Protein chains: 2
Amino acid sequence: MWRSNIGEWFNDILFNAGIMDTRYPVKGLYVWLPYGLKLRNLIFGILRKLLEEHGHQEVLFPLLIPEDILRKETEHITGFESQVYWVTHGGYEKLDVKLALRPTSETSIYPMFERWIRSHADLPIKIFQVVNIFRYETKMTKPMIRMREVTTFKEAHTAHATEDEAELQVQEAVKIYKNFFDQLGIPYIIAKRPRWDTFAGAKYSIAFDTIMPDGKTLQIGTVHNLGQNFAKVFELKFEKSDGNHEYVYQTCYGISDRAVASVIITHGDDLGLCLPPEVSPIQVVIVPIPFKGEEGTIQEFAKNVLSELLAMGIRAHLDDRDIRPGEKFYYWERRGVPLRVEIGPEEVKDKSLTIARRDTGERELIALEGLETRIRQLLEGVNKNLCRRSREFFEGMISNANNLEEIKRYLNEKGGIVRAPWCGREECGMYIEQQTGAGVLGQEINSKPITGKCPVCSRESSLTLLIAKSY
Amino acid sequence: MWRSNIGEWFNDILFNAGIMDTRYPVKGLYVWLPYGLKLRNLIFGILRKLLEEHGHQEVLFPLLIPEDILRKETEHITGFESQVYWVTHGGYEKLDVKLALRPTSETSIYPMFERWIRSHADLPIKIFQVVNIFRYETKMTKPMIRMREVTTFKEAHTAHATEDEAELQVQEAVKIYKNFFDQLGIPYIIAKRPRWDTFAGAKYSIAFDTIMPDGKTLQIGTVHNLGQNFAKVFELKFEKSDGNHEYVYQTCYGISDRAVASVIITHGDDLGLCLPPEVSPIQVVIVPIPFKGEEGTIQEFAKNVLSELLAMGIRAHLDDRDIRPGEKFYYWERRGVPLRVEIGPEEVKDKSLTIARRDTGERELIALEGLETRIRQLLEGVNKNLCRRSREFFEGMISNANNLEEIKRYLNEKGGIVRAPWCGREECGMYIEQQTGAGVLGQEINSKPITGKCPVCSRESSLTLLIAKSY
């Protein structure tokens, strides 16, 4: 079902693996369950660490943005207006100024930048926050993919003294995001979005897309060069070392709950979740196999193994519930725990352990004394295998096309992403969208272009256009 | 100024120590700055850990609550109605059902409890979340104390099969909160609130109050026994082992940003923050004292000390900015860093360090080889001293009174909390409020009552009433 009906698989697994409860009585709002929240925190922990290592500082801004400030940047509000939730009343009173639930935080953060930036010595500013944002989605909502409350939005905002620095910041952001998705084993392709799909208010937008098992792409991260657009509107001026004043150059970049969705969907299978060890809330689960008369020694042995694993810094859990081992196997397989350790009378007698891998189902018997080395090898093995598997699938879903017929054929036959030569002119991109009913992800970056003629105007082309059906 | 004008001191230090920027353009909303956010995360990290150790699981519920559900429990909505922010529009559309920004989450969480609870085997449920909540405050707002967006609200919610279990849960919550505030060195008194100050919808409320330097009390934590009130409204029934159905018994308990405010205010002094080592974002700051010609060796020595401290698991920072040491001293004193290590040519020559304590200002020279032991001793010493200091002040602000005149005199002369014998009748408590212009915190619990006659009705009394002026 994972491959054949990914939507249903995803909805089922969210609840059955203790990730999210989708029955909250408002459309597009969902409840994070304990296991899911831990997974989400581990995933965003990696991102936080990367951002901090690259000199970003975490802050926290208010949720509410006054209408007049949200409206300052014209393109920006035009892009978001149809999706903004408005608070109009406090208690019994009508508010003088309506307050927006942030759809994104440029307009809450930049008025403070105006107070923080005086001279070149105050630059660069590199901050981020992890917050909830709100979009009044009218399309079909989906947990983690398209929500009315995006519960986890990591957004970074930077300000720089020169255009070049802002450009370098975009590159740093792309590097950080690559590193992040690489650690999660999520394959991606990077594209500069076409103008009509650029972030409202930005000079240009770069996006990361991955491919779902059904062949549709999912946008999982975006990086925007804002130029001086917002700086001019919010009066973000600084004094240069020569005494002149100039507007700052800005960038912003975001990753949402979709990172969690892509971990779940990319690595899952028909049994349920299959989590990369780095982000699995439990990395090793110990299941005692009871045997009449030996319950005590088995339990004791299991507890020792647990202590040893915890001392190694492994997130280990001993499942000593009073249910059958088979039920426990099923329970933890569904939750994607990378390794299962089984301990029965044989293992106790031989001071050994049976270890089962979630990703391959392989089981092996190891000696207790080799525990640490072997567990680390196996966790690394699971990680590598998940990365390899997802990469293989991803690469198999990318096709090179040379004309409109081929583009259509690949899109219809297997979906995924179609690469085609592109002259770089907008009208040719839009024509392809019209003709194929698919979307243009934009111009591929960071890779070797395919050469050929633009499938629309037949001009010799040096750019690569990416076309796909998307979520 | 810390003692004489705590309000101004607090506002100044929030910005000057990098905790919060209070200039966000909406009343009652503030911006957490990086250093402040780290402090807040460390403080709530302690609370998270305690809750998890006591079997609570972290979840995350949506912010928005439909009006019809918020209105279900009559007392509850009556208590909050005047403070609820209402979302009435999404994009260009008027919403069919208004959505409240949660003022607290009983009514968002309990409809899900209804889905989760079937039988006694599903109980107890013990969950918590750390979220932003909203109150349309019409009183004067204050950062961390009275905000329109309470940015950090830890709320726990539990459901139990019996009244006794719920009662035990209240006691567990009180124990957890005591432990939490003890770790922070925040003194408190615990009171059962009078009926007119009980949480809207609860059977009774217990609250923790501390005393600010100006003698006014601040409520810093609350624990509520909800009885079956919400259970009856939200149909939270379970099947008992005998096959009968009954409503669950519930509790909830919360701690907000006020925990951060009380750490800042309780331990601060005229120089600025003075943080308990356990929650200080930086525990040891290293300041090189430059000396012509020896900058290189000093820098190298300082880096080695830094590595050693980091390897010990200490949050250490080397301040190698190009400004005078005196400026650095001032900067880090204001930020409350417990220990400062100074390294100049003498120290390098002797392989020694000068260490200065933030709390006492004492300086001492230690040998490098004794670093780990001495640093740990000093951090523990700072912690003990802060706890002792705050406890002494707190105890000095508690007075025992036997009649109305004494109550008034203590309240006027030194503020703080006045204890008085109480018959337990509401009208006597209310009369005292009227006569003194102060508030009744309620009936003191967990301590030996003072004996005597109720100052209003002169009945022999076995309860202790707490009276104070409060924030």
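In what order do the six strands of the open sheet stand, and what is the sense of their pairing? Select strands S4, S5 and S6 of chain A and of chain B: the order is S4(A)-S6(A)-S5(A)-S5(B)-S6(B)-S4(B), and the pairing is antiparallel.

Some conventions before the tour continues. This is a predicted model, in which local features need pLDDT of at least 70, side-chain atom pairs count only at pLDDT 80 or more, and totals for chains, interfaces and linings use all residues. Residues are numbered from 1 along each chain as its sequence is written, while chains are lettered from A and ligands numbered from 1 in the order in which they are written. Helices (H or I, at least four residues) and strands (E, at least two) are DSSP runs, numbered from the N terminus. Two strands pair if DSSP finds at least two bridges between them.

**Stop 1**

Angles here run from 0 to 180 degrees between N-to-C directions, and axes are lines fitted to C-alpha atoms, for helices over the stretch in contact.

Select S4(A) with strand S6 (residues 93-101) of chain A. Three bridges pair them in the antiparallel sense; Pro66(A) is opposite Leu99(A) in S6(A). Then go to the place where the chains join within the sheet: S5(A) and strand S5 (residues 85-90) of chain B run antiparallel and share five bridges. Here Tyr85(A) faces Gly90(B) in S5(B).

**Stop 1: the rest of the contact between the chains**

Show both chains together. Chain A has 41 residues in contact with 41 residues of chain B; contact means that the C-beta atoms of two residues, placed from the backbone, lie within 7 Å. Elements of chain A giving two or more residues to this side include helix H2 (34-53), helix H5 (106-116) and strand S8 (149-160). The largest share, six residues, comes from S5(A). By class, the side of chain A that touches chain B has 26 nonpolar, nine polar and six charged residues. Ala, Val, Leu, Ile, Met, Phe, Trp, Tyr, Cys and Pro count as nonpolar, Asp, Glu, Lys and Arg as charged, and the others, Gly among them, as polar.

**Stop 2: H2 and H8 of chain A**

Select H2(A) and helix H8 (residues 258-267) of chain A. Their axes are 10 Å apart and they pack at an angle of about 110 degrees. H2(A) and H8(A) are therefore roughly perpendicular to each other; angles under 35 degrees count as roughly parallel, over 145 as roughly antiparallel, 65 to 115 as roughly perpendicular and the rest as oblique. Show side chains for Leu39(A), Arg40(A) and Ile43(A) in H2(A), which meet Ala259(A), Val260(A) and Val263(A) in H8(A). This contact has five nonpolar, no polar and one charged residues.

**Stop 3: backbone details**

Go to Leu123(A) and Pro124(A), where the peptide bond is cis with omega near -5 degrees. Pro124(A) is in the loop between H5 and strand S7 (125-134) of chain A. In chain B, the bond joining Leu123(B) and Pro124(B) is cis, with omega about -5 degrees.

Next select Glu235(A), in the loop between helix H7 (229-233) and strand S12 (237-239) of chain A. Its phi is near 55 degrees, a positive value in a residue other than glycine.

**Stop 4: a second sheet in chain A**

Select the open sheet of five strands in the order S17-S16-S19-S20-S21 (chain A); the pairing is mixed. Strand S17 (316-318) and strand S21 (363-367) of chain A are its edge strands. From one strand to the next, the twist averages 25 degrees. Strand S16 (residues 284-288) of chain A runs parallel to S17(A), with three bridges between them. Val284(A) has Ala316(A) in S17(A) as its bridge partner.
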